[in-house]
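Reader: I'm new to reading protein structures. Could you walk me through this one?

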Amino acid sequence: MIANLLDGIVLGLQFGLLAAGLTLVYGLGGVLNLAYGQMAVISATTIVLAMDAGMPVFPAIALGLAAGGLLGLIFDLTILRPVYQRQGEARVLLSLLLTLGLAFVIDGYLSWKYPTKALTLRIGGGPIEIIGVRMVRGAVVASIITVVVLGVLLFFFRKTTLGRAVRSVIEDEEGARLVGVDPRRIMRLILVMTGVLAALVAVTRSLVVPVSTTAGFELTVSAMIVTVVGGLGSVAGAVLAGIVLGIISTVAASTVGTVLSLVILLVAAAVTILIRPSGLLGVRE
Amino acid sequence: MLEVTGITAGYQGGDVIRDVGFRVEPGEAVMIIGSNGAGKTTLFRTVLGLLPPSTGTVKLQGEDLVGISTHRIARKGIAFVPAERRLFPRMTAEENLALGAYPGRPDTATLEGVFDLFPRLSERRRQRAGTMSGGEQQMLAVGRALMSRPRLLILDEPTTGLAPKLAAEAYRALEVLRERGLTVLVAEQQVPLALAFSNRGYVLENGSISKAGTSAELAGDPDVRRAYLGVS
């Protein structure tokens, strides 16, 4: 049971990191990025190809993170341009359609070109014992990285001028403009940031399980569920929901099997939405 | 300081303001009075670049602001306090004030000045803006505007939703700011308060300026007295 709980927290932290990227972009401008999982996969594939070409692991990871950030910038400058020109529901819908289309294109291309590639990062050494439970070393390292990244994110949003500016746009875009914040510049920054986050998800996940070129949609769907449960626009909510859902998911998987665990996960998400439509820590509209 | 000429603007349903012009000189307190729906908010939104005018110019110290985005106008030294206040509800009072100084860091002396003017904000600095009372939120909105050390402070109906005592207090604070040399432009429905505060004023009626003059002249005008002061 405790083993399940710890595994759940490991998975949950990754869920949280995954959802943070999606929730920020949505909270900022009502833009739904359904190609988010594919951003992670492109970064993963970049790292694999770089290592295949003989690049050492850390430079390859750095290259993967840079690829994620660059991808975010490209999204901002290209397919999201027509999205920014629309308001409200039309904006959500257009972003959903465009990024979903792009996700199919990326998915199709990667699974055709690199069908067997998958990113697996292994860390040597035996399991680590935590409160009497033997944990895979990779999972522990992945969790430590995730906690550090989430900590840096929370610090950025709470304590820095730029981070507060990001929150101001999420809370009241017009108010933000009136104090001199440029919402477009903030959006660009956040897209680059979430690209790097997606790459970090790929890296930490590959320490636990292989990240294949077709993992994109699964990642996006997990991120969506966690985002909705956590509340749109709330990083803290994403982390909280991630951990709760991660624990539910692993406990269910070990008791009733993987297929049913997904059903249980979706039911848990649906129940949360029914009880609290704005999510655990969402901004009430 | 601010010169608006021939502004026509509105929404899809049609023009709300037509051929509106006014000016504000440095150090002045100018009011724009008018009833609900006269176009005061539309006029201010146009000045701030939140709404593009179909014709007309808005000049800040000679520079045309039409077509410039709102965040740039804000950084040029115009601080606007909208009637809805537009605070950041889940941030603390202190964080709201800090954002007023964006993109810079909040300046300690300016912050002390705001706390001097509104001691209540100092007591509530760790409280979330969304949980504050209407009066406190108004103080916070004005305080946030002051943090940018603006050249011109524009307020849209600062007494909205405030009890008479708080409304009078709000104007006392504006009085202090004016005495310190700040240029203030205010739109108001509560005409007696605005008349007592301002040097000059304009009457906005159905989207056009119908009268202009010093506050003393407007206070003596029979039409103004009848329409806005309840004197027949």
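## Strands, helices and where the chains touch

Author: Happy to, and keep in mind that this is a predicted model. Let's start in chain B, where strand 4 (residues 55-60) and strand 5 are antiparallel and are joined by two bridges.

Reader: In what order do the four strands of the open sheet in chain B come?

Author: The pairing in this sheet is antiparallel. Strand 2 (14-24) and strand 5 (63-64) of chain B each have a single partner strand, so they stand at the edges, with one side of each left without a neighbour in the sheet.

Reader: Which residue of strand 8 of chain B is the bridge partner of L152(B)?

Author: Strand 7 of chain B runs parallel to strand 6 of chain B, with four bridges between them, and there A79(B) stands opposite L153(B). Strand 7 of chain B also runs parallel to strand 8 (residues 183-188) of chain B, this time with five bridges. In strand 8 of chain B, the partner of L152(B) is T183(B).

Reader: How many residues of helix 6 of chain B are buried?

Author: Helix 6 (residues 134-146) of chain B reaches 18 Å from its first C-alpha to its last, close to the 18 Å expected at 1.5 Å a residue. Its buried residues pack against several elements of chain B, including strand 6 (78-81), helix 3 (93-100) and strand 7 (152-156). Among the buried ones are M139(B), L140(B) and V142(B). Helix 6 of chain B is largely enclosed by the rest of the structure, because the buried residues number 11 of the 13.

Reader: What radius of gyration does chain B have?

Author: Chain B comes to 10 helices and 10 strands, and its C-alpha trace spans about 45 × 40 × 35 Å along the principal axes. For 232 residues, a compact globule would have a radius of gyration near 17 Å, and chain B agrees with that, at 17 Å.

Reader: What about chain A, and what percentage of its residues are buried?

Author: Chain A has 12 helices and four strands, in a box of roughly 55 × 45 × 35 Å along the principal axes. A compact globule of 285 residues would have a radius of gyration near 19 Å, and the 18 Å of chain A agrees with that. Among the 285 residues of chain A, the buried part is 52%.

Reader: How far apart are the end C-alpha atoms of helix 2 of chain A?

Author: Helix 2 of chain A is mostly covered, with 13 of its 17 residues buried, and G54(A), with a positive phi near 100°, follows helix 2 of chain A. At 1.5 Å a residue, helix 2 (residues 36-52) of chain A should span 24 Å; that agrees with the distance between its end C-alpha atoms, 25 Å.

Reader: Which residues touch the most other members of the largest nonpolar core?

Author: Nonpolar side chains tend to be buried together in soluble globular proteins. The largest core here has 160 residues, and its largest share, 14 residues, comes from helix 1 (residues 2-29) of chain A. Leaving aside neighbours within four places in sequence, the contacts of A202(A) include A40(A), V41(A) and L119(A). The members touching the most others are A202(A) and V226(A).

Reader: Is T116(A) buried or exposed?

Author: T116(A) sits in the loop between helix 5 (88-113) and strand 1 (118-119) of chain A. T116(A) has 7 other C-beta atoms within 10 Å, so T116(A) is exposed.

Reader: Where do the chains meet, and which element gives the largest share of the side of chain A that touches chain B?

Author: There, 16 residues of chain A are in contact with 21 residues of chain B. Helix 7 (161-171) and helix 8 (173-178) of chain A are the elements giving two or more residues to the chain A side. That side has five nonpolar, four polar and seven charged residues. The largest share of it, six residues, comes from helix 7 of chain A.

How values were computed
Residues numbered from 1 in each chain as written. Chains lettered and ligands numbered in written order. Predicted model: local features only at pLDDT ≥ 70, side-chain atom pairs only at ≥ 80, totals over all residues. Rg over C-alpha atoms; globule rule 2.2 N^0.38 Å. Buried ≥ 20, exposed ≤ 12 C-beta atoms within 10 Å, placed from the backbone. Contact = placed C-beta atoms within 7 Å. Nonpolar A, V, L, I, M, F, W, Y, C, P; charged D, E, K, R; others polar. Expected span 1.5 Å × (residues − 1). Core = buried A, V, L, I, M, F, W, Y, C linked by C-beta atoms within 7 Å. Pairing = 2+ DSSP bridges.
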